[in-house]
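Subject: Handover of a structure and findings

Dear colleague,

Please find the sequence and structure below for your own work. My notes on what was found follow directly after.

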Amino acid sequence: MASGPGIGELNERSLHRALKARYAVAGSLTEQAIDGYVADVVIDGRIIEIHTGSFWPLKRKLPRLLEHHAVTLVHPIARDRYIVKPTADGRGIMSRRMSPKHGSVFTVFAALASTPTVLAHANFVLEIVITVEEEIRVPDERRNRRRGGWTAVDRRLVEIVEIHRIEAMADLFAMLDAELPAEFTTADLAAAMRLSRRLGQQAAFCFREAGLSEICGKAGNAHVYRRTQP
């Protein structure tokens, strides 16, 4: 008789399962209960936790696990995303189009802003997996017409483009440092990342929380930042 899904597997979506399968090398353990939580993968004592959304739900879990264990948090970001609408019977594809939104390694600040100090922990490593994905959407009568009456129900991994291993917030700052002036604003950060002003604000918050920058003045209503001395 085939065994049923393990702890935590029933609500997994395709992207999470695909990444867990990639990291679950020979000899690793999956769905392990550790310190009151369930770890996705454990390899030689290191916990591999795969999380596809905001890090806010991990605010209690990560500090608890990091007290006694090394943890690698795997976070996928879609460089390219295809919007897929299946046919009514689910057996075919009605449409498949490229989303106009494209992510990069810096998109991580949207998730990281809720737990910016976690990168300071010696036991913690963040792996940002840049992907090509499919987002599966189905009709949803509860969605208003402005949203087109469709809702996303799954994300599927098409391809892994590259993986960035981040061991400290300084690693992310170093990717931007050369493009920033001596004193910079969130608009400068957004321009350096080639992303939105909102992400520039989240990046500024993360860098300030990590002690990499400090407020040194204002330009109109915007804070002006400068690098802190090592």
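In what follows, axes are lines fitted to C-alpha atoms, for helices over the stretch in contact, and angles run from 0 to 180 degrees between N-to-C directions. Helices (H or I, at least four residues) and strands (E, at least two) are DSSP runs, numbered from the N terminus.

This is a predicted model, in which local features need pLDDT of at least 70 and side-chain atom pairs count only at pLDDT 80 or more, while totals for chains, interfaces and linings use all residues. Residues are numbered from 1 along each chain as its sequence is written, and side-chain values use heavy atoms, with hydrogens and water left out.

Confidence and overall make-up

The predictor's confidence in each residue is given as pLDDT, from 0 to 100. The protein averages a pLDDT of 90, and 92% of the residues score at least 70. Over residues 1–11, pLDDT stays under 50, and the model has six contacts beyond four places in sequence for that stretch; contact here means heavy atoms within 4.5 Å. Where pLDDT is low, the predicted coordinates should not be read in detail.

The secondary structure comes to six helices and ten strands. Along its principal axes, the C-alpha trace of the protein spans about 65 × 50 × 30 Å. Of the 230 residues in the protein, 42% are buried. Buried means under 20% relative accessible area, exposed means over 50%, and partly exposed lies in between (1.4 Å probe, protein chains only). Among contacts with a separation of 6 or more, 59% are between residues 24 or more positions apart.

Helices H5 and H6

Two packed helices are described by the angle between their axes and the distance between the axes. The axes of helix H5 (residues 186–193) and helix H6 (residues 197–209) come within 7 Å and cross at roughly 110 degrees. H5 and H6 are therefore roughly perpendicular to each other. For that wording, angles under 35 degrees count as roughly parallel, over 145 as roughly antiparallel, 65 to 115 as roughly perpendicular and the rest as oblique.

On the H5 side, the contact is made by Thr-186, Ala-187, Leu-189, Ala-190 and Met-193; on the H6 side, by Arg-197, Leu-199, Gly-200, Gln-201, Ala-203, Ala-204 and Phe-207. The residues of this contact between H5 and H6 divide into eight nonpolar, three polar and one charged. In this count, Ala, Val, Leu, Ile, Met, Phe, Trp, Tyr, Cys and Pro are nonpolar, Asp, Glu, Lys and Arg are charged, and the others, Gly among them, are polar.

Arg-194 lies in the loop between H5 and H6. Although Arg-194 is not a glycine, its phi is positive, at about 60 degrees. Arg-194 counts as exposed because its relative accessibility is 63%. Both Arg-194 and Ala-192 are touched by Glu-179, not counting residues up to four places away in sequence. Glu-179 itself lies in the loop between helix H4 (169–177) and E8, and at 43% relative accessibility it counts as partly exposed.

The three-stranded sheet

Which order do the strands of the open sheet of three take? The order is E8-E10-E9, with antiparallel pairing. Strand E8 (183–184) and strand E9 (213–219) stand at the edges with a single partner strand each, so one side of each is left without a neighbour in the sheet. Two strands pair if DSSP finds at least two bridges between them. E8 and strand E10 (residues 222–227) pair over two bridges, and Arg-226 in E10 is the bridge partner of Glu-183. H6 lies across E9 and E10, running at about 130 degrees to E9.

E6 is mostly covered, with 13 of its 16 residues buried. E4 and E6 run parallel and are joined by 13 bridges, with Tyr-82 opposite Glu-134 in E6. E6 and E7 run antiparallel and are joined by 14 bridges; there, Pro-139 stands opposite Trp-150 in E7.

In helix H1 (residues 14–23), the buried residues are Ser-14, Leu-15, His-16, Leu-19, Lys-20 and Tyr-23. Their cover includes strand E4 (71–86), strand E6 (124–139) and strand E7 (150–166).

With kind regards
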